[in-house]
Every structure is written in C-alpha cells, then in structure tokens.
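Please keep the sequence and the structure in view while reading.

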Amino acid sequence: GGWLLLQNCHLGLEFLSELMDTITTRESVSEDFRTWITTEAHPEFPINLLQSSIKFTNDPPQGVKAGLKRTYSAITQDLLEVSKMPQWKPLLYAVAFLHTTVQERRKFGPLGWNIPYEFNQADFTASVQFVQNHLNDMDVKHGVNWSCVRYMLGEVQYGGRVTDDLDKALLNTYARVWFGEHMFSENFCFYKDYVIPKGKTVEDYLQYIEQLPVIDTPEVFGLHPNADITYQTNLANETLSTIVSIQPKDSSAGGGETREAVVQRLADEMLEKLPPDYNPHEVKAQLQKMGAIQPINIFLRQEIDLMQHVISRVRTTLTDLKLAIDGTIIMSEELQDALDSMYDARIPKLWFRISWESATLGFWFTELLERNQQFSSWLQDGRPNQFWMTGFFNPQGFLTAMRQETTRMNLAKGWALDSVVLHNEVTKMMKEDVVGPPPADIGGVYIYGLYLEGAGWDRRNSKLVESPPKVLFTSLPVVHVYA
C-alpha cells in the first residue's frame, strides 16, 4: 500500500521492462499502491510503460509575469519578514527577477545561452538563503558587501552551473548591473516599467506582478528585438513539423493523387536533374594537370570523394524507392523513411547523415546541384577566382590547405606552418565584381556566401553596425582570407 519512487530511470532502461512485468503479473495489488518514475525524454523508453502511465511534466512558466507569480506564490509571509533590514525585500525581489530572466533566456536558443543550463528552484532557494545569511551577519555601519553578493550570485549560486566563458560574462553582467546600492534609488528599473515594487505583504507583490505585461519584449533580458523573430520562427517550425510527423501515413483514399504517386513523380524529377557520377580516371588526370600534391588540390580531391558519396546514395535510394513503390522489391525501414520524408518535403535520414543541414528537401537538392557545380567547374576549368566557402563539406580543411600553400610559397623566408595565422579582410566587392584572383604578393583566397546573424554591415566604412529592425541575416561582401 506504500508509494515507490524511482528516479532518473533513463539511466536504467533495462530494469523498466522488469518493473512492467512485476506490476502487470502480480495477482493482488493494493488500491493505495503507486509507482512514481522520474525520467528525461529518451527514444528507447519502453512504450507500453509510457502508454499505461499518467504523464506529468513540470516546465518553467513562460514570461516574466508567470515566472515571478510562481516564485511569489511559493513565498510565505514569514519569509518576507524574516529580516528587519530594509535591503531584504528589494533584494528578494531582485533575486526572483534574476531567476526568471536566466530561465526565460533559454527559449531564445543559442542567442540566450550558448549552452542551455537547467536552472531550477534549488538555485533560487540557495541564493535567497545566502542573501538572508549575509544580511544577518552584516555590520550596519559598512552596509552590504556588494562584491561578495555579486560573486556569490554570478560565480557560485547560478554561475556554478555555467561552463561557457561568455555565458559566465553574461551572468556576471546581470549581477553587476542589477545588484548594488543603486538598486534602492527611486529611478532604478530592470527595464522600463519593470521596477522593484514596495510592499509589506506577499499580496502586495502579487498585485504588482499581476499588472506586468503577459508578453515581454526581448529587450527586458538585454536582447535585440529581432531575437523574438528567431524564437517565434523556431517555435512555429517546431509545431508544424510535429503536426506533420503525426499525420496518418496511409495512401489517400479520395480522388487525389496517392502519396506513392507523388513521391514517384518527385523521384523521377530528381533522378533526371541528378548530376552524373565522377569518373575516377578523369578526376585523377585533371588533378595531375593542376598539380596533384598541392594542398588545395588534395582538398578538392577529398571534397569530390564526399560529393560522389552523396550523389551515389541519392541515386540508389531514388531507384530503390521507385522499385519498392512498384512492388518489385520489399519496402525497407529506410526506404519507408525516405518516402515519408520526401512526401513531407523533409530530407531523408539516409541522406542527411552524409550531407548538410537545410530547411527543406527542395533547398537541399538545389544546394546539391550548386555544390557539385562548384567542384566540377573547378576540376574542368582550373582554380576559380573566388570560392563559395559555405558550399564545402570541410571549410576548416580549405583554410588549412590555404595556410599550407602560403607557407610553401614563403619557405625561403623561413616561414613555418605553426607560426602562420589567418587574416580576414572584408572587401567592398560583391561576388559579381570579382574578375581575378587576389594580388600575388599577398596571396590567399576570395570567399563569398557568409552571413552575419544579429548584426548589420556598413559597406562604406567596412564595419559592424546594429542589426536593422526585422532583418535577421545580413549578407557579407566578398572576404579576402590570407595567411
């Protein structure tokens, strides 16, 4: 008749099948018996156990208003009056605001935190306990030791979870800007209209929180207004992709075209446009002509090998899929995934594993043709004047090859690869303006296809500027990279 609590069950999945058998095969189970299981989401969690359970999640609330409301609903009047110091209530509210902010920033993905940390109620409780102890031990003449408070919040209580240097700098900035003697002045605010209320009871604070806006601008957390566009776009994409993934997968029974017919037509179109395979002998001969042991040509050879792998895989999948739709061969799990993905305009898992990220199957296939075009024209017509760097499988390898090339050119001057570093100069040319390679005395390469996220580019003065409103990505001009 007792309750059993099993924690972190994603770490012991084998035991769960045993647990399921134990519970279902017992002849008599007390009415009062309950099993609680805590787990992280896991693809291999036993599905029958999941279906027969009551699911319960405890997600942090969305928005400053909801976050503060939840925090203050759990605060008792005794806690509010635990210290007679005038700094106590404003400090408690500021810690609650910081707690809400660090959780709310997670929804903005990498714009909010480089690594999404699991900040939780325990961090808040420990911070409040620290502030309370600090005020109790405080010498009234000297007042609050602010450097200690900031260090404890930014480096220990919340900072203890943080492993990224830039995230640590962000947390310490919040601690510096929001915690200090200035927080007790009349004109202090976290952001306009977000102030520290003056109240005597928990009810007073809840009343103030109730009139805060339901939806906050990203500027409350110190982010650019454009961050909200990114968040809303990702949220909409996630929702739509979930809806698409749970659609029934049966063939259409109405008068419309069946799923199979749609995919078969699409496979025919793609096979027609798919570039021919590279002939290994021709590739070898062309590279010999260009200088097979030059670093940049070795890089080209590796890229062509990877591209050939993608082309072969796409050709095989499409051919097999057509045969499976006709009933000539059995529809395997991978072909079924390809059929479902192509119908939903997503990239089949088989292709995605060996290729690149893209928003839809259409963009992905267009990019396949464009990437291949760059390699085949480089092979046929010799080294291009400029390179589409984001069209490579291994852009880092391309830059390394360029460093090696420059080092070899300057061996007579005693250059060594270890001491050669990269330099980038954003030119004023667009892709169409490039008519020749970079000047021979400097060497290097011209690259294009780079974008800035969250910043604009002033072409006249060649410098970064604030991102224009509602513009998420800014295309950079041609960049001269040399070593």
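In which sense do strand β1 and strand β2 pair, and over how many bridges? Strand β1 (residues 3–6) and strand β2 (residues 34–37) are parallel partners, joined over four bridges. Strands count as paired if DSSP finds at least two bridges between them. Helices (H or I, at least four residues) and strands (E, at least two) are DSSP runs, numbered from the N terminus.

## Basis of the model

The model is predicted: local features need pLDDT of at least 70 and side-chain atom pairs count only at pLDDT 80 or more, while totals for chains, interfaces and linings use all residues. Residues are numbered from 1 along each chain as its sequence is written, and side-chain values use heavy atoms, with hydrogens and water left out.

## An annotated region

UniProt, in an unreviewed entry, lists residues 88–227 as "domain: Dynein heavy chain AAA lid". UniProt positions are given in the numbering used here, feature names are shortened, and annotations may be inferred rather than shown by experiment. Over residues 88–227 the chain is 49% helix and 0% strand. The end C-alpha atoms of this stretch are 34 Å apart.

## Two residues with positive phi

Most residues other than glycine have a negative phi. Aspartate 193 has a positive phi, near 75°. Aspartate 193 sits in the loop between α8 (165–178) and α9 (202–210). Its relative accessibility is 64%, so aspartate 193 counts as exposed (buried is under 20% relative accessible area, exposed over 50%, partly exposed in between, with a 1.4 Å probe and protein chains only).

Lysine 470 also has a positive phi, of about 65°. Lysine 470 belongs to the loop between β8 (463–465) and β9 (473–475). Lysine 470 is exposed, at a relative accessible area of 72%.

## Which residues line the largest cavity?

The largest cavity is lined by Pro61, Gly63, Gly67, Thr100, Gln103 and Glu104. Helix α5 (residues 88–104) gives the most to this lining, with three residues.

Notes:
1 Å grid on protein atoms, 1.4 Å probe; cavity = no way out; pocket = protein on both sides within 12 Å on 5 of 7 lines; lining within 4 Å.
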